[in-house]
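The sequence and structure come next.

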Amino acid sequence: MDIDGRLAERDRSSCSDPEHEERSRSSHAPEEPSAEQPPAGRPGAWAAGDRPWRRAALLAAASMALVLLVSGFVVQPFQIPSGSMENTLRPGDRVLVNKLAYRFGDDPRRGDVVVFDGTGSFLQEEPSGNPVTGVLREAAAAVGLAEPAESDYIKRVVGVGGDRVTCCDERGRIEVNGRPVNEDYLYPGDSPSRVPFDTVVPEGRLWVMGDHRGASRDSRDHLGEPGGGTVPVDQVIGRADWIGWPFGRWSAIRGQGAFAHVPGPGGTGGTVPGGAHG
């Protein structure tokens, strides 16, 4: 008998076909999860399936950061909290405050409507409160969704450094450096001031008043305090240039022309840097 031949034949038949083995292994091996659809229950499953929401959240966060950046350094919406600037500005109006107006060497001028921090001039102590609530309120106020901090004010500049501001002449008008000012922006029926005063504005400071003189607490109310009611120029946050909301009142904020003929300090002829501008 050919025993060697039979053994050789049996050995060949018992050897598995490599290709068959590969197919067999692949048919029994568990399918590996694809990178795009993680299996349920694994940590990445929810995150991968929620990518549109994540993108929306990131976009919202980036947009908010951009708004706060612009509000902090360029233009800030400011919600009018009271009637002290009527009828120029009414409670609830949102004005756009130009924070670059005085950043490059220019100073506030007579007739400008400015937003300023009154700490140390109108308020002798900084208001206290919950720090967390304060941060949230500042963020909301920065985009015009909440009233400003208690220390922030909006008033009109009537006198700049070196000016002598007095009330009043025989016709009841305020005088700046001996020249009467016709303030056509005053609240209808209001007098320029019922409180007589005579003050010289220190250099680097401002004398400010509301347009609704009968409802405004302004420089007149702080004459006996440090600074004599004047506000440091470096406490000015910016100049209110436009009413941005409501849309029916969308307009530029004017009034600088009332001071166009005011002479410089000491009665010198012509206007000075504190005079009117366009």
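## Disulfide

Cys-167 and Cys-168 are joined by a disulfide, with their sulfur atoms 1.9 Å apart; the term stands for a pair of cysteine sulfur atoms within 2.5 Å. The structure holds 1 disulfide. The torsion about the S-S bond is -75 degrees, and the link of Cys-167 and Cys-168 is left-handed.

Cys-167 counts as buried because its relative accessibility is 13%, whereas Cys-168, at 31%, counts as partly exposed. Buried means under 20% relative accessible area, exposed means over 50%, and partly exposed lies in between, with a 1.4 Å probe and protein chains only.

## Model and conventions

This is a predicted model, in which local features need pLDDT of at least 70 and side-chain atom pairs count only at pLDDT 80 or more, while totals for chains, interfaces and linings use all residues. Residues are numbered from 1 along each chain as its sequence is written, and side-chain values use heavy atoms, with hydrogens and water left out.

## Chain overview

The chain has 5 helices and 12 strands. These are DSSP runs numbered from the N terminus: helices are H or I with at least four residues, strands are E with at least two. Of the 278 residues in the chain, 36% are buried.

The accessible surface of the chain is about 16,500 Å², and carbon and sulfur atoms account for 55% of this area; the method is Shrake-Rupley with a 1.4 Å probe, and for residues only the protein chains shown count as cover. Among contacts with a separation of 6 or more, 69% are between residues 24 or more positions apart, a contact being heavy atoms within 4.5 Å.

## Nonpolar core

The largest nonpolar core has 14 residues, of which Val-158, Val-165, Ile-174, Val-176, Phe-197, Trp-207 and Phe-259 touch the most other members. Strands S5 (164–167), S6 (174–176) and S9 (205–209) each supply at least two residues of this core. Such a core is a set of buried Ala, Val, Leu, Ile, Met, Phe, Trp, Tyr and Cys residues joined through side-chain atoms within 4.5 Å.

Beyond its neighbours within four places in sequence, Val-165 contacts residues including Val-158, Ile-174, Phe-197 and Trp-207.

## Asp-163

Asp-163 lies in the loop between strand S4 (152–159) and S5. Asp-163 counts as buried because its relative accessibility is 0%. Its side chain reaches the backbone nitrogen of Val-160 at 2.9 Å.

## Strand pairing

Strands of a sheet pair through backbone hydrogen bonds, either parallel or antiparallel. Here two strands pair if DSSP finds at least two bridges between them. The antiparallel strands S5 and S8 are joined by 4 bridges, and Thr-199 in S8 is the bridge partner of Val-165.

Strand S3 (residues 113–117) is mostly covered, with 4 of its 5 residues buried. S3 pairs with S4 in the antiparallel sense over 5 bridges, and Asp-117 has Asp-152 in S4 as its bridge partner. S3 is also joined to strand S11 (residues 236–245) by 3 bridges, again antiparallel. Within S11, Val-236 stands opposite Phe-116.

Terms used:
Polar contact = N/O pair within 3.5 Å; in protein donor to acceptor, adjacent residues only side chain to side chain.
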